[in-house]
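Subject: Structure handover

Hello,

Here is the structure you were expecting, with the sequence alongside. My notes on what was found follow below.

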Amino acid sequence: MTVYIEIVFIENFIIDYYLLLGASKITYIPCKHAIGGAIFGALYACIMPLFYSVAPVVQRLLVLLCMCVITFKTKNIKTLIFTSVAVLCASACLYGIVNLLFGHFIDGIFYTDNVFFIIALCSSFASVLIYRMLILLINEKKLKNAYCQLKINEILLNAFIDSGNSLYYKSTPVVLVNKNVFKDCELPIKPVIIPYCSIENSGALLGFTPKSVSLIYSDKTVELNCVIALCDHKFNKKYDALLHPDLVRECV
């Protein structure tokens, strides 16, 4: 069987990339450099056969920890263990799927020089499939409490955590707030225009970047990085804002 190093790199990069993204979804810990972690893992897979290792399991665990350090940009031991276990669980699921679907072919009719390419292609496809399934499962998971409190520039208001709010402004989550909340407040001199597109219509909303935003949820208080969009829509009497679901991950 012929093995091509470029295929080894590409296959491992794709698999590691989606395994790290999957671990981020499982743990609710945002990944910051998944590409860097995947490149590190792919390079290790390429050079590993060139060196004899007395303890390959320990070596691979160390590589996994390094990948998590790069991906999640943390040195916290608890976080590293948490994310590493998530990656191991996702990879075990991937191995089980590939072995179940294609394992019996490896020793059978498909055992040719092209078998490595077939396995690499199937493994990459399976890793993407697992990641997409994780997204569906996690999106269906309901939060314990759909309501929270927001403190925007010293203004305290109730907010509803809306899973349908997927609005971003330059990769920053957007919180929709009834403009009447700020009718007696002085807004920033430089507002921002936030384009949106929904099933019913599309357009743009006037918004601004607040000086400070605090989220109070499940007895936790977290400082947020978000953009406020002003809208005319009158929400339920219980709340005045629709919160982006990504903003509550640190509290869940």
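This is a predicted model: local features need pLDDT of at least 70, side-chain atom pairs count only at pLDDT 80 or more; totals for chains, interfaces and linings use all residues.

Two strands count as paired if DSSP finds at least two bridges between them.

Strand S1 (residues 147-152) and S2 run antiparallel and are joined by six bridges. One of the pairs links isoleucine 152 to isoleucine 155, its bridge partner in S2. The two strands form a hairpin with two residues between them. In that turn, asparagine 153 has a positive phi of about 50 degrees. S2 also pairs with strand S10 (residues 241-243), here in the parallel sense and over three bridges. Isoleucine 161 has leucine 243 as its bridge partner in S10.

In a regular strand the side chains alternate between the two faces of the sheet.

Next, the nonpolar cores. The largest has 23 residues, and those with the most contacts inside it are Leu150, Val175, Ile228 and Leu243. The elements that contribute two or more residues to it are S1, S2, strand S4 (172-178), strand S7 (213-217), strand S9 (227-231) and S10. S2 gives the largest share, four residues. Another core, of 16 residues, lies apart from this one and includes Ile15, Ala23, Val63 and Cys68.

Leaving out residues up to four places away in sequence, leucine 150 touches Ile155, Leu156, Leu157, Ala159, Val175, Val213, Ser214, Leu215, Leu224 and Leu243.

On the helical side, helix H2 (residues 34-47) has 14 residues. From first C-alpha to last, H2 reaches 20 Å, close to the 20 Å expected at 1.5 Å a residue. Its buried residues are Ala34, Gly37, Ala38, Gly41, Ala42, Tyr44, Ala45 and Cys46, and they pack against helix H1 (5-27) and helix H3 (56-72).

Last, the cysteines. The structure holds zero disulfides. Cysteine 226 counts as buried because its relative accessibility is 3%, where the cut-off is under 20%. Cysteine 231 has a relative accessibility of 10%, so it counts as buried too.

Regards

Conventions. Residues are numbered from 1 along each chain as its sequence is written. Side-chain values use heavy atoms; hydrogens and water are left out. The expected span of a helix is 1.5 Å times one less than its number of residues. Buried means under 20% relative accessible area, exposed over 50%, partly exposed in between (1.4 Å probe, protein chains only). Contact means heavy atoms within 4.5 Å. A disulfide is a pair of cysteine sulfur atoms within 2.5 Å. A nonpolar core is a set of buried Ala, Val, Leu, Ile, Met, Phe, Trp, Tyr and Cys residues joined through side-chain atoms within 4.5 Å.
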